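This report is a guided reading of one protein model. Keep the sequence and the structure side by side while reading.

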Amino acid sequence: MSEIESVLVENRRFKPSAAFAKQANLSAKEYRRLCALAEKKPDVYWAQRAAELRWMKPWKKVCQWKAPFARWFVGGKLNASDNCLDRHVETWRKNKAAIIWEGEPGDERVLTYQDLWRETCRFANVLKGLGVKKGDRVTLYMPLIPELAIAMLACARIGAAHSVIFGGFTSQAIADRVEDAESGVLITADGGWRRGGIVPLKANVDDALTKTDKVKKVVVFRRTAHEVPMKAGRDFWWHELMKTADPVCPPEPCDAEQMLYILYTSGTTGKPKGVVHTTGGYMTWAHTTSKWVFDLKETDTYWCTADIGWVTGHSYVVYGPLSNGATIVMYEGAPNHPQPDRFWQIVAKYGVTIFYTAPTAIRAFMKWGDAWPKKYDLSSLRLLGSVGEPINPEAWMWYHRTIGGSRCPIVDTWWQTETGGILISPLPGVTATKPGSATLPLPGIFPRVLDAAGRECRANEGGLLVIAKPWASMLRTVYRDDERFRTQYFSSYPGLYFTGDSARRDKDGYVWVMGRVDDVIKVAGHRLGTAEIESAIVSHPTVAEAAVVGKKDEMKGEAICAFVTLRGGEKKTDSLRRDIQDHVAKSIGSFARPEMVRFTDALPKTRSGKIMRRLLRKIASGDETLGDTTTLEDLSVLARLREDEE
Ligand code: PRX
């Protein structure tokens with residue numbers, strides 16, 4: 001535990017303005033009442049939250065908790081797409097913009113709730129026509145276009161679970177996920193636009209399908225319109241199937257515990273974990289947190305810049321905002337294409353009022369310079385958000401001043417793929433913020449910071465972050481692997497959910513998240529397992545062994561450093577180093593390319609053969625104080641590692 005040491009001292013405080021507080025969806029008084037209610041009568045509190053959704057059959061029991069397994073709103077039935085679409089289409093929102101979309105080349109589309117509903121119903125019938133049934137898993141590998149949201153909602157409409165794969169992954173990741181989910185239908189596009197080039201999605205799928213025979217049908221949306229091969233009997237064009245699709249498709253009543261989706265995320269082993277979310281509890285919290293944290297109003301134009309391939313896009317591009325009937329902005333491409341002002345151009349053009357992005361993007365904007373945002377009128381903005389990694393106070397202050405014009409509250413939202421929705425965050429009309437802190441838990445969420453022995457840490461003492469009570473949108477299991485679910489999340493402290501993060505709470509109870517304590521690294525907000533990268537490196541024919549650690553990086557938060565031992569006879573050359581970097585980019589995705597590859601003759605190991613990553617982390621960061629090395633098997637390895645330093 002002595003490793004967990006906080007060096008951050010930050011005393012600035014920003015209170016919500018009276019004007020913001022006055023119009024906020026959640027007032028300070030209501031917040032205090034809800035916190036007390038959630039503590040004393042949790043069933044009443046959670047039932048009130050769930051009642052904001054439309055149910056087809058009421059639940060019998062709010063929560064059934066047999067640690068580590070939770071069931072919420074037991075016996076209730078609802079449909080996520082009904083909540084995101086039909087209940088708005090039945091009101092004046094029918095012709096309200098649901099999605100304002102901009103493609104990277106500059107093309108634009110606006111889909112009203114009626115449009116989105118109609119397309120979803122038709123695509124739901126397409127899925128049925130392809131043989132997709134309730135409970136089946138459908139894989140989606142698409143660019144950030146409205147059809148991705150349509151495909152998700154269409155799955156939800158017929159009770160099939162979707163498994164979205166981030167478009168930045170390449171073929172091996174697709175094959176692994178399709179295999180694990182046993183998914184027979186895959187939806188993709190010919191390609192997507194990124195920095196002026198085409199991301200070859202269909203080609204990646206074709207390659208992936210040489211590695212698995214699970215997928216029988218592929219639907220291809222025409223986006224980039226470049227030539228792609230279509231395999232007869234397996235591949236179908238989206239627009240052709242839609243031509244004859246029936247527009248009538250009533251939403252399927254789904255059990256509250258019906259699986260809504262699987263989202264694969266990196267863990268401590270090479271095999272990605274299929275995080276399972278179900279319908280009732282997940283939708284309840286996605287809806288509630290969107291309303292409270294982002295203060296969503298009918299008049300808002302809300303933009304979360306996340307890709308839908310990550311959980312942020314699931315909860316805060318699609319399900320949360322749409323279930324609130326909000327207008328969302330979606331942008332397909334890179335923030336600096338064709339110039340580093342693209343985001344600010346979009347904010348000004350559509351009058352974005354709520355803007356939610358990641359610290360790594362904020363740091364990139366800082367680096368590109370103030371002149372880019374200063375070119376635009378950003379006065380429509382009224383609230384800013386941050387997610388994905390700790391935001392350093394300098395970046396927070398820059399965001400506050402340069403983007404928020406010192407007038408917008410910033411919500412620094414802490415959560416995870418596993419938590420389904422935001423758990424720790426300021427409420428914009430209630431909480432005084434401190435730059436760098438995710439502040440306080442939302443009502444109904446009970447985080448604790450514990451030491452290794454399970455004792456509560458004192459104020460400002462670093463420890464491990466756990467969530468002590470179940471919450472509605474918690475993951476239900478790891479797909480087809482209850483044992484991994486139990487050991488990963490509920491074995492460090494029996495009965496308590498272990499987040500994998502270290503944190504401290506200050507004297508005001510504010511949570512300061514410090515980072516991961518396991519072998520998960522966050523590179524530009526993307527979550528990667530060191531084991532995954534290592535197995536990609538080791539699959540290179542010249543490599544004998546590899547160990548990967550994260551190193552602090554000013555832009556990306558963390559950068560990937562790989563220590564590599566070569567097979568006998570291989571030469572340590574610069575071109576081999578580049579080749580290994582390219583190999584990782586090709587096998588996982590370019591976002592996983594190691595920043596540094598260091599050749600070494602041996603890796604430091606304990607007597608039981610475990611690689612001592614702690615030492616490697618220190619060497620990677622140039623730290624001379626290596627700490628306790630008494631468990632190291634071969635001390636000479638250290639000396640040699642240092643000699644190998646360039
Ligand atoms: O380490 C925490 C960090 O991101 C991890 C979860 O990653 P992922 O499942 O990819 O979900 C990211 C989007 C919700 C956490 O364990 N993290 C996320 N948000 C914050 C954060 N760290 C500090 N502050 C945050 N606001």
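The text below goes through the strands, the cores, a helix, the ligand site and some backbone angles.

This is a predicted model, in which local features need pLDDT of at least 70, side-chain atom pairs count only at pLDDT 80 or more, and totals for chains, interfaces and linings use all residues. Residues are numbered from 1 along each chain as its sequence is written, and side-chain values use heavy atoms, with hydrogens and water left out.

**Strands**

Helices (H or I, at least four residues) and strands (E, at least two) are DSSP runs numbered from the N terminus. Two strands pair if DSSP finds at least two bridges between them.

Strand β2 (residues 61–66) pairs with strand β3 (residues 69–74) in the antiparallel sense, over five bridges. A hairpin of two residues joins β2 to β3, and K66 stands opposite F69 in β3. The loop between β2 and β3 contains P68, and the peptide bond that joins A67 and P68 is cis, with omega about 0 degrees.

There is also an open sheet of three strands, in the order β1-β4-β14, with antiparallel pairing. Its edge strands, β1 (55–57) and β14 (254–255), each pair on one side only. Strand β4 (residues 77–78) is joined to β14 by two bridges, and L78 stands opposite C254 in β14.

**Nonpolar cores**

Buried means under 20% relative accessible area, exposed means over 50%, and partly exposed lies in between (1.4 Å probe, protein chains only). A nonpolar core is a set of buried Ala, Val, Leu, Ile, Met, Phe, Trp, Tyr and Cys residues joined through side-chain atoms within 4.5 Å. In soluble globular proteins, nonpolar side chains tend to be buried together.

The largest nonpolar core has 163 residues, of which F123, F294 and Y319 touch the most other members. Helix α6 (residues 146–158) gives the largest share of this core, 10 residues. A second, separate core has 27 residues, including F355, Y399, I403 and C408.

Contact means heavy atoms within 4.5 Å. Leaving aside neighbours within four places in sequence, F123 is in contact with I150, A151, A154, I187, V219, W238 and M242.

Helix α18 (residues 574–587) has 14 residues and reaches 20 Å from its first C-alpha to its last. This is close to the 20 Å expected at 1.5 Å a residue, where the expected span is 1.5 Å times one less than the number of residues. In α18, L576, R577, I580, Q581, V584 and A585 are buried. Their cover includes α17, β29 (543–553), β30 (557–566) and β31 (596–599). After α18 comes G589, whose phi is positive, near 150 degrees.

E534 is placed in helix α17 (residues 530–538). Is E534 buried or exposed? E534 counts as buried because its relative accessible area is 10%. Its side chain makes a polar contact with the side chain of R613 at 2.7 Å. A polar contact is a pair of N or O atoms within 3.5 Å; within protein, one must be able to donate a hydrogen and the other to accept it, and residues adjacent in sequence count only if both atoms are side-chain atoms.

**Ligand site**

The ligand is surrounded by 16 residues, and the closest are D412, T413, T417, K522 and R527.

| Residue | Residue atom | Ligand atom | Distance |
|---|---|---|---|
| G388 | backbone N or O | nitrogen | 3.2 Å |
| E389 | polar backbone atom | nitrogen | 3.4 Å |
| D501 | polar side-chain atom | oxygen | 2.9 Å |

I391 lies in the loop between β20 (383–387) and α15 (393–403), and I391 is buried, with a relative accessible area of 2%. Not counting residues up to four places away in sequence, I391 touches P359, I362, S386, W396, D412 and G436.

**Backbone angles**

Most residues other than glycine have a negative phi, and most peptide bonds are trans.

F73 is not a glycine, yet its phi is positive, about 55 degrees. F73 is in strand β3 and counts as buried at 0% relative accessibility. R480 also has a positive phi, near 55 degrees. R480 lies in the loop between β24 (477–478) and α16 (482–490) and counts as exposed at 51% relative accessibility.

A cis peptide bond joins H337 and P338, with omega about -5 degrees. P338 lies in the loop between β18 (327–331) and α12 (342–350).

Technical notes:
Near = heavy atom within 4 Å.
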